[in-house]
Amino acid sequence: MKKNLLITGASGFIGSYLVETALLKGYNTIAAVRPTSNKKYLQDPAIHFLELDFKSDQTLDHAIREFVDRFGKIDYVIHNAGVTRANKNDEYDQVNCDNTKRLVHALQRNTQIPEKFVLISSLAAYGPAKNESPVKATDAKEPLTAYGRSKFKAEEFLYSLKDFPFVIINPTAVYGPKDKDVFFLINSIQKGFEVYIGNKQQLLSFVHAADLAAAIFIAMLSDVVGKNFLISDQQAYTSQTFNQQIKSILQKKTLSIVMPVAIVRTVAVFAEMVGAITGKVPILNRERLKEFEAPNWAVDSSEISKLGYQPKYNLEEGLNNAIQWYKEQGWLS
Ligand SMILES: NC(=O)c1ccc[n+]([C@@H]2O[C@H](COP(=O)([O-])OP(=O)(O)OC[C@H]3O[C@@H](n4cnc5c(N)ncnc54)[C@H](OP(=O)(O)O)[C@@H]3O)[C@@H](O)[C@H]2O)c1
């Protein structure tokens with residue numbers, strides 16, 4: 001019998017990798033979507049769809065009952081739905097924290113406690129490293145942003161539960177084919193601009209979405225419960241190295257521009273005002289700027305390595321893979 005796996009946020013960037021990995025691993029894969037979700041990357045006929053509306057307890061109960069009627073018990077849940085950018089800070093709490101609580105309560109109410117509930121949180125729940133060492137899973141969590149705080153609150157909620165088997169995944173910046181955030185930086189280099197915010201050196205970490213998906217399944221299938229796993233490709237890179245790798249893959253010469261933080265902050269305020277009028281969430285806002293200013297986002301992913309995680313991609317290989325995809329799809333000329 002195939003195990004039933006419910007994946008929320010299946011229509012998103014990371015969700016599509018989770019669905020692909022689940023199918024490859026032979027799970028009965030149930031993709032939770034909204035009526036408005038774009039299913040472009042969910043074309044495999046083996047995928048089952050379930051409309052999961054987080055709006056109220058009733059709508060969630062209804063979705064869980066439908067799940068059980070159609071597929072039987074819920075064996076695993078990967079709760080990946082979340083917002084990484086929002087025009088209003090409340091939205092982070094509502095989607096990233098309140099929806100997590102509601103989903104867990106609905107599972108409990110309907111006696112559908114899975115073998116493992118995996119929350120896709122973020123490195124942002126920890127905040128940047130406090131010193132020169134990489135962030136460790138045992139470090140105190142001191143999120144810098146409203147996004148990070150919303151993930152932290154969802155994590156605290158899980159830790160407050162009794163008899164609910166969960167693990168929490170804290171990925172660093174995720175990139176790969178289909179991603180739009182790192183693509184924005186790649187595209188600006190393609191256009192000849194290499195932009196830095198402020199003069200300070202920044203250490204970054206990355207993980208390719210395919211490696212992240214592999215790590216998530218390792219944590220889900222392990223005996224471990226009640227624990228955080230930080231995920232990266234086990235390396236740290238300066239922002240210069242990151243840009244250099246993109247330039248060398250694209251074979252581009254660039255104009256290097258160092259933007260003073262005060263100017264970027266003004267641009268961010270303007271972008272937020274435009275976002276408030278148009279309803280579109282800007283790629284840069286003051287919350288994001290806080291992340292750009294922090295000097296060290298390196299992570300120690302040794303806890304997941306102990307369970308057998310080995311990333312397939314280092315940054316150069318991963319960027320090559322992503323850039324090739326962007327070119328094939330016509331995102332990059
Ligand atoms: N990308 C990264 O670098 C990164 C790093 C660390 C952690 N994460 C976490 O990974 C998860 C996935 O991120 P992503 O980069 O794949 O983002 P994404 O492409 O924007 O996908 C987000 C997914 O969440 C769903 N979603 C958003 N709001 C929802 C709501 N109110 N109700 C139900 N579903 C909702 C979206 O559904 P629709 O398609 O219907 O909008 C979409 O499927 C998030 O929890 C994020 O915090 C991402």
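1. Basis. Local features are taken from this predicted model only at pLDDT of at least 70, and side-chain atom pairs only at pLDDT 80 or more, whereas totals for chains, interfaces and linings use all residues. Residue numbers start from 1 along each chain as its sequence is written.

2. Helix H3. Helices (DSSP runs of H or I, at least four residues) and strands (runs of E, at least two) are numbered from the N terminus. H3 covers residues 89-109, and its end C-alpha atoms lie 29 Å apart, which agrees with the 30 Å that its 21 residues should span, the expected span being 1.5 Å times one less than the number of residues. A kink of about 35° is centred on Asp98, the bend being the angle between axes fitted to the seven residues ending there and the seven starting there.

3. Ligand shell. The ligand is surrounded by 23 residues, the closest being Gly9, Gly12, Ile14, Ser37 and Gly82; a residue counts if its C-beta atom, placed from the backbone, lies within 6 Å. Helix H1 and strand E7 each give two or more residues to this shell, and H1 gives the most, with 3.

4. Helix H6. Because 10 of its 13 residues are buried, H6 is largely enclosed by the rest of the structure; Phe217 and Met220 are among those buried.

Note on methods
Buried ≥ 20, exposed ≤ 12 C-beta atoms within 10 Å, placed from the backbone.
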